[in-house]
Amino acid sequence: MRVGIVCPYSFDRPGGVQNHVLGLARWLARAGHAASVLAPGEPGPGLTDARTSGSVKFTSAGQAVPVPYNGSIARVNFGPLSAAHVRRWLQVGQFDLVHLHEPITPSIALLALWAADVPVVATFHTATPRSRSMQVAGGALRAAIEKIDAGIAVSESARRVVVQHLGRDAVVIPNGFDFDEFADGAVPGEWDETTGSTGVSQSLAHSSRGGGLRGRAGGRPRITFLGRLDEPRKGLDVLLAALPAIQAGLSPSEVEVVVAGQGSAPTMPGIRVLGEISDAEKVALLQSTDVFVAPHRERESFGIVLLEAMAAGAAVVASALPAFMDLLRPSTEPAPSGATDPSGLTESSGAREPLGRLVPVGDADALAAALVEAVRLPRPELRRRARAYARGFDWDVVAPAIVSVYRAALAAAPPATRTVTGPRRSLRRGAAG
Amino acid sequence: MSAVEIVGLAVIVLLVVGWRLSWLATRLDRAHTRVERRWAALDAALVRRAQAALEAARSGSIDPASMLLVCDAAAAALEPDLDPAAREQAESDLSRVLALVSLPAVEPYAERAELARRLHNDAVVSAVRLRRGRTVTLFRLTGHATEPRAFEMAAKGQLTWPRGFVG
């Protein structure tokens, strides 16, 4: 199949949608499909292997422009020049279908929806409704939404938004990730010294030895935070507020707190700030982490980082955000044998214990208590269960489900019978057909 | 000097001071009124700009991504009961979007809004200067009237106020 995938956000910076698009494109290429990705900007240094990974063809839609939208700043492409880029990409690509991500944003995904004359599959990533602009934009936007042949939502919450605000149904297929990348070599309680290949990874692997409890990396137990340090919604401030209580429950020789991510953080005694780290370093860090902490405050649409932590064998302590609760309190889990086949899923009873500890949002004291308990009580059995559950989100499980949706969309709307719509036709009221 | 002459002098001084205070109070009153009228005009001009933007965006002459941007910014600016800081931010955002999305029909409304803003801020500067004068402050002639505030909007095309990024 020739698949054209459109990512509305630039690869210049890391983001959930971008990672999803890259992961999916690489899997499709390895599975023998012709996958092309259109996105703003150029891929940053951490993602340059996207250009050479398999036969994924990457096309830039031009530099993204920062613009206010929906209360934040979005970096997107719009306007006649971008629309022309999109049309050219579609013409050259000769795709069997296009897969758009977050199409109801002022971006190339929406422009591709407008100009596409092949079946369209759309994936909705966010669970926050954007009703203001949609209400006001009215009929023109509705026409674009009608062009979507099949909708995918990454979570039940995202699906609800699609149903309520767009009036369309969507299949729930979760975000995928590369399970083996995070799980290889990481067995709770063991540490493979050969996996740290760069100087930085080596220092990530080894925390200084201290008395008392022993962490997976051989030194002190490690609590890790990953995320933008200066973005309030990532919740670093909650962790920092919890530090005194953590240090009361565990002496500094008994625990190491590591913080990694872009942005600047206040230096506080007792935490190790790593700043921005590469993907390989992230894997090494998670594999040497005993307790992964996710104190996010709001607007997390999926929380794939929790799955990455679980795959790497870390215990998880997270805020009780809907997305995190969906992941840590799943309604189905793999059968105890660890089968990855979806038909091997068993219904968990409601009383089954969550795969990680959940704490109220913004509650520093509860966070501290949960972290201290998680460090003192490692619970390897729970971590094995979590790891088996995370395996079900590997691309080898998720991507085939997406391909089924592709086939369904193709079967329902053969290209030959589609009318050509696009800039000349769809938005002009009263224009001749 | 005799007692009569002292009293006479005191009366004259009091009359002069009284006259000056009353003159200042009148000027203050006029300054405040001018600010109010100019604010009403600015408010109306901003509303018209946002409405024009909305209409132009929905007319079908621009691509849907640009349309969404304009609709979002215009709707935010038309939101009722915004406090001054929020209003400034919303109108600045709309200015930014209008600088990036070419909508010729909105140009005249944007120009009128900018002119109204400059007139308003000019009146505010005058009123504040008057309010902060020595005599006015000493005799508390402003009473309960709050100090007027200039309406700051980003110059065309500038992004203001750091906010979270998406994408």
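A salt bridge here is a side-chain nitrogen of Lys or Arg within 4 Å of a carboxyl oxygen of Asp or Glu. In this predicted model, Glu353(A) and Arg379(A) make such a pair, with their closest N and O atoms 2.9 Å apart. The two partners come from distant parts of the chain, 26 residues apart: Glu353(A) sits in the loop between strand 16 (345-347) and strand 17 (357-359) of chain A, and Arg379(A) in the loop between helix 14 (364-376) and helix 15 (380-391) of chain A. Glu353(A) is partly exposed, at 35% relative accessible area, and Arg379(A) is partly exposed too, at 31%. Over all chains, the count of salt bridges comes to 15.

Chain B has some of these pairs as well. Glu147(B) forms a salt bridge with Arg131(B), where the closest N and O atoms are 3.9 Å apart. This pair also links distant parts of the chain, with Glu147(B) in the loop between helix 5 (134-138) and strand 1 of chain B, and Arg131(B) in helix 4 (residues 107-131), 16 residues apart. Glu147(B) counts as partly exposed because its relative accessibility is 36%, whereas Arg131(B), at 12%, counts as buried. Glu147(B) also meets the side chain of Arg132(B) in a salt bridge, at 2.5 Å from N to O. Here the partners are 15 residues apart, and Arg132(B) lies in the loop between helix 4 and helix 5 of chain B. With a relative accessible area of 57%, Arg132(B) is exposed.

Elsewhere in chain B, salt bridges join up into a network that links Asp43(B), Arg49(B), Arg87(B) and Glu91(B). Arg87(B) has its place in helix 3 of chain B. Despite its charge, Arg87(B) counts as buried, because its relative accessibility is 10% and the cut-off for buried is under 20%. Leaving out residues up to four places away in sequence, Arg87(B) touches Trp39(B), Asp43(B), Leu46(B), Val47(B), Ala77(B), Leu82(B) and Phe151(B).

Turning to where the chains meet, the contact takes 35 residues from chain A and 28 residues from chain B. Between them the two chains bury about 2,900 Å², and 68% of that is on carbon and sulfur atoms. The count of salt bridges between chain B and chain A is 0, while 5 residue pairs are in polar contact across the two chains. On the chain B side, helix 1 (3-58), helix 2 (64-78), helix 3 (84-100) and strand 1 (165-166) each supply at least two of the residues that touch chain A. Helix 2 gives the most, with 10 residues. By type, the residues on this side of chain B divide into 16 nonpolar, 5 polar and 7 charged.

The largest nonpolar core has 97 residues, and the members that touch the most others in it are Leu28(A), Val98(A), Leu141(A) and Tyr406(A). Helix 2 of chain B gives the most to this core, with 10 residues. Leu141(A) shows how the two chains come together: setting aside neighbours within four places in sequence, Leu141(A) is in contact with Ile104(A), Leu110(A) and Met134(A), and also with Met67(B) and Leu68(B). Another core lies apart from the largest one; it has 35 residues, among them Ile304(A), Ala311(A), Phe324(A) and Leu355(A).

Chain A itself comes to 16 helices and 17 strands. Of its 433 residues, 55% count as buried. Among contacts in chain A between residues at least 6 apart in sequence, 69% join residues at least 24 apart. Helix 11 (residues 279-287) of chain A is mostly covered, with 7 of its 9 residues buried. Among them are the charged residues Glu281(A) and Lys282(A), along with Val283(A) and Leu286(A).

Ser107(A) is buried, with a relative accessible area of 0%. Not counting residues up to four places away in sequence, Ser107(A) touches Pro8(A), Val76(A), Asn77(A) and Glu102(A) in chain A, and Ala65(B) in chain B. Ser107(A) and Ala280(A) are 173 residues apart in sequence, and their C-alpha atoms are 30 Å apart in space.

Conventions: Residues numbered from 1 in each chain as written. Chains lettered and ligands numbered in written order. Predicted model: local features only at pLDDT ≥ 70, side-chain atom pairs only at ≥ 80, totals over all residues. Heavy atoms only, no water. Buried < 20%, exposed > 50% of the residue type's maximum accessible area, 1.4 Å probe, protein only. Contact = heavy atoms within 4.5 Å. Buried area = accessible area lost by both parts, 1.4 Å probe. Polar contact = N/O pair within 3.5 Å; in protein donor to acceptor, adjacent residues only side chain to side chain. Helix = DSSP H or I, 4+ residues; strand = E, 2+ residues; numbered from the N terminus. Core = buried A, V, L, I, M, F, W, Y, C linked by side-chain atoms within 4.5 Å.
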